[in-house]
Amino acid sequence: MQLVAAAQPSPAMLQHFENPDLIASDAATADADPLIVALIATLADCCHPRAERLKVRLLDCRDADQLALLKGEVLNLLALSFGPAEAMRRLQSLQ
């Protein structure tokens, strides 16, 4: 029986590229309303597929009524991801 050694990845395969979307969102966060920044921070470790889209919508928000709706969506998404008690705990500091 002959064993085959696993191929090592070439250094070219391991290059690091900056994601322009993340660079743009970092710049936008710096100019955003503190409440929006706090809502985005509550979603920081949320792996739900809707989390990134919700962060973008928060950054684009310019209306108080829309912000209230988005805050409800953040609560809903956190409850789906972590449970209602954890969602309320994360948003408690924003009250």
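**Figure 1. Thr42 in helix H2.** Thr42 belongs to helix H2, which spans residues 34–42; helices here are DSSP runs of H or I with at least four residues, strands are E runs of at least two, and both are numbered from the N terminus. This is a predicted model, in which local features need pLDDT of at least 70 and side-chain atom pairs count only at pLDDT 80 or more, while totals for chains, interfaces and linings use all residues. Residues are numbered from 1 along each chain as its sequence is written, and side-chain values use heavy atoms, with hydrogens and water left out. Thr42 is buried, at a relative accessible area of 9% (buried means under 20% relative accessible area, exposed over 50%, and partly exposed in between, with a 1.4 Å probe and protein chains only). A polar atom of the Thr42 side chain sits 2.5 Å from the backbone oxygen of Leu39; a polar contact is a pair of N or O atoms within 3.5 Å, where within protein one must be able to donate a hydrogen and the other to accept it, and residues adjacent in sequence count only if both atoms are side-chain atoms. Leaving aside residues up to four places away in sequence, Thr42 touches Val74, Leu78, Arg90, Leu91 and Leu94, where contact means heavy atoms within 4.5 Å.

Figure 2. Helix H3 covers residues 49–60, and its buried residues are Ala51, Leu54, Lys55, Leu58 and Leu59. Viewed down the axis of H3, these buried residues fall within an arc of 140°, so they line one face of the helix; the arc is that of the directions from the helix axis to the C-beta atoms. The face of H3 turned away from the buried side holds Pro49, Arg53 and Asp60, which are exposed. As background, an α-helix has 3.6 residues a turn, so residues three or four places apart point the same way.

Figure 3. Buried or exposed, where does Leu58 fall? Leu58 is buried, with a relative accessible area of 0%. Its contacts, not counting residues up to four places away in sequence, are Ile36, Leu39, Ile40, Leu43, Leu67, Leu70 and Val74.

**Figure 4. The largest nonpolar core.** This core has 19 residues, and those with the most contacts inside it are Ile36, Leu39, Leu43, Leu54, Leu58 and Val74. A nonpolar core is a set of buried Ala, Val, Leu, Ile, Met, Phe, Trp, Tyr and Cys residues joined through side-chain atoms within 4.5 Å. Two or more residues each come from H2, H3, helix H4 (64–82) and helix H5 (84–92). Which element gives the most to this core? That is H4, with 5 residues. For a closer look at Leu43, follow its contacts to Ala51, Leu54, Lys55, Leu58, Val74, Leu77 and Leu78, again not counting residues up to four places away in sequence.

**Figure 5. Cys46 in the loop between H2 and H3.** Cys46 is found in this loop and is buried, with a relative accessible area of 7%. Beyond residues up to four places away in sequence, Cys46 touches Ala51, Leu77, Ser81 and Phe82. Leu77 is 31 residues from Cys46 along the chain, with 8.6 Å between their C-alpha atoms.

**Figure 6. Helix H5 and its packing.** The buried residues of H5 are Ala87, Arg90 and Leu91. Looking down the axis of H5, they fall within an arc of 90°, so they line one face of the helix. These buried residues pack against H2 and H4. Exposed on the other side of H5 are Ala85, Arg89 and Gln92.

**Figure 7. The whole chain, for orientation.** The chain has 5 helices and 0 strands, in the pattern α-α-α-α-α along the sequence. Of its 95 residues, 24% are buried.
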